[in-house]
Amino acid sequence: TGVEPMTAELQFRLPSRGTVLAAAVVLVWGLGGCSLLGPKPSTQMPIGDPESVNIGYVLLYDLVAKQKDTDKLLIIKRVSSEVRALIEELSNAAGELNDELERFAKQDRLIKLDRRVLPLIEALQRENAQAERGKQFLETSGKEFERLLLLTQSGVLTTERHISRVMRDKELNPERKAFWKGAVKAFDRLYAKLVKLLEDQYFTK
């Protein structure tokens, strides 16, 4: 599937500091775990109730809807060609997954992507972490910025990989199960590429 090219307006109109901060802070969603479902449910049977299934869709949608704009940071930040290529690939993949999730929501009224599923304290904790990381993005440059960006995306991809694995095993609808299988493969592939880039260029051996 192709991704539409950036419009001339997006290519040449630099975003405000606030816009860049907003794009930056959303990259830290995957850094922490979350406890959403109360007592530990059985892991042996498919999820039967629609609300539990919907949570998985909401969680991934919240990540990819923001992650697809990661490449906007590169409008004002200089990075290596390798980092740019990976971030653009990641943003494109997130955009395609975002579109598929929205399509599912239009087809099935039980998938409600705008639902709030995080407890208040968890949501506030994430907002605090996002604000801190966004400030770090704006204050760094060069290799330091690249390393910070890749480490942040590593955390996000880790969360996405595990959400997708759980949903792949628990989803009963054949079409949507195939979607989750594809998501697992995509996230695993991107994660492997990112880790290799980090190890090769940003960590001493």
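What follows is a short chat about the helices and the aromatic rings.

Student: What should I know before I start?
Tutor: This is a predicted model, so local features need pLDDT of at least 70 and side-chain atom pairs count only at pLDDT 80 or more, while totals for chains, interfaces and linings use all residues. Residues are numbered from 1 along each chain as its sequence is written, and side-chain values use heavy atoms, with hydrogens and water left out.

Student: How many helices and strands are there in the protein?
Tutor: There are 7 helices and 0 strands. Along the sequence the pattern reads α-α-α-α-α-α-α. Helices (H or I, at least four residues) and strands (E, at least two) are DSSP runs, numbered from the N terminus.

Student: How many of the residues are buried?
Tutor: Buried residues make up 40% of the 205. Buried means under 20% relative accessible area, exposed over 50%, and partly exposed in between (1.4 Å probe, protein chains only).

Student: Now the rings. How many aromatic pairs are there?
Tutor: The count is 5. Rings of Phe, Tyr and Trp (its six-membered ring) pair if their centres lie within 6.5 Å; planes under 30 degrees apart count as stacked, over 60 as edge-to-face and the rest as tilted.

Student: What kind of pair do Tyr57 and Trp180 form?
Tutor: An edge-to-face one, 5.2 Å centre to centre with 65° between the planes. Tyr57 lies in helix H3 (residues 50-67) and Trp180 in helix H7 (residues 174-201), so the pair ties together parts 123 residues apart in sequence.

Student: Is Tyr57 buried or exposed? And which is Trp180, buried or exposed?
Tutor: Tyr57 is buried at 0% relative accessible area. Trp180 is buried too, at 0%.

Student: Where does a charged end sit over a ring?
Tutor: The charged end of Lys77 sits over the ring of Phe145, 5.2 Å from the ring's centre. Arg161 has its charged end over the ring of Tyr191, 4.2 Å from the centre. The rule: NZ of Lys or CZ of Arg is within 6 Å of the ring centre and within 35 degrees of the ring normal.

Student: Back to helices. How do H5 and H6 cross?
Tutor: The axes of H5 (residues 120-139) and H6 (residues 142-170) come within 9 Å and cross at roughly 150°. Axes are lines fitted to C-alpha atoms, for helices over the stretch in contact, and angles run from 0 to 180 degrees between N-to-C directions. H5 and H6 are therefore roughly antiparallel. Angles under 35 degrees count as roughly parallel, over 145 as roughly antiparallel, 65 to 115 as roughly perpendicular and the rest as oblique.

Student: Which residues meet there?
Tutor: From H5, Arg133, Gln136 and Phe137 meet Phe145, Leu148, Leu149 and Thr152 in H6. Contact means heavy atoms within 4.5 Å.

Student: What about H6 and H7? How do they cross?
Tutor: Their axes come within 8 Å and cross at roughly 155°. That makes H6 roughly antiparallel to H7.

Student: Last one. What does Leu198 touch?
Tutor: Leu198 is in helix H7. Leu198 is buried, at 5% relative accessible area. Not counting residues up to four places away in sequence, Leu198 touches Arg147, Leu150, Leu151 and Phe203.
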